[in-house]
Amino acid sequence: MIAEAAPRPGPLTVWWIGARPRTLVAAIVPVLVGAAWAGRNAVSIPRSLLALAVAVALQIAVNYANDYFDGVSGVDTAARIGPRRLVASGLAPPRAVAAAAIVMACIAALAGVVLALLTTPWLIAAGALSVLALALYSGGPKPYAASGLGEISVFVFFGLVATCGTAFVQQDRLDAGVLWLAVPVGLLACALLMVNNLRDIPTDTAVGKRTLAVRLGAQRSRNLLVAVVAIALVLPSIGALVRALPWLVALTFVTIPLAVTPLRVVRGAEGRALVPALIGITRLQLVFGVVLAGALLAS
């Protein structure tokens, strides 16, 4: 008996798949934490929503752009383990995926320009740099994601820039203390990419994609990932101890149990068996961000 082919998803589902909704946590959390840093009496809802629009639209644009570039370059193959990619799986034509990436980048740019008009024109420069980083991540003559620099980009843009930028637009100023928040947020975003790249070591190696995981090897990548998550979880409490942060942020310690299972998976799993670790670290980052933001607002 011949098995029936899986039904083709509808148009909206196709683009939802390409947006990779689980990755949007990495865009939402820095905005949530950055806005909360301003304090419950100083948070600007309109500016926070604009910052959220920038971050989420950029994240979706990155996902579509990666889908396009990796699909047309042959980096994504049938051997890939992760979620279906639109171009490589034939769910959407390359030109449509590229157009979707451009549309999302334009939405991010529009929201960013409005924020800049409300605050400072320097935000336009930061936005332009973010879009350039988006395009060169997996595109251009030498994509830097294929050279082991993807984690650095995620840390900078979905940690430092998104968190500090959101904090800045609340009150038109930036305190050094917000770095105690931006660093752990960025590290947890990096952890998501690190699990993804750990899973893809065999297929990335086969196509010559030299991610950080490929360069370090599986065991050292596992060790680094555990260290990154551990550092992220203890940093807010250290910030509280040195009085750079309110003491209530030490409540983020309640999220440590959420890290146990995914890190246990990371220590020994390979390939598709690493998917639960991706889900677990996504959940960890979301709960960590909510607890951290709540602690800041209550301080």
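Me: Which residues lie nearest the centre of the second largest pocket, and how many residues line it?
Reply: This is a predicted model, where local features need pLDDT of at least 70, side-chain atom pairs count only at pLDDT 80 or more, and totals for chains, interfaces and linings use all residues. Residues are numbered from 1 along each chain as its sequence is written, and side-chain values use heavy atoms, without hydrogens and water. A pocket here is an open set of points on a 1 Å grid where a 1.4 Å probe fits, with protein on both sides within 12 Å along at least five of seven lines, and lining residues have an atom within 4 Å of a point. Nearest the centre are Ser73, Val75, Ser138, Pro143 and Ala146, and the lining counts 18 residues.

Me: Which helix gives the most to the lining of that second largest pocket?
Reply: Helices are DSSP runs (H or I, at least four residues), numbered from the N terminus. Helix H3 (45-73) and helix H6 (122-138) each bring at least two residues to the lining. With 4 residues, the top contributor is H3.

Me: Is Cys190 buried or exposed, and how far is its sulfur from the closest cysteine sulfur?
Reply: Cys190 is buried (under 20% relative accessible area, with exposed over 50%, partly exposed in between, 1.4 Å probe, protein chains only), because its relative accessibility is 5%. A disulfide needs two cysteine sulfur atoms within 2.5 Å, and the structure holds 0 disulfides. The closest cysteine sulfur to that of Cys190 belongs to Cys164 and is too far for a bond, at 14 Å.
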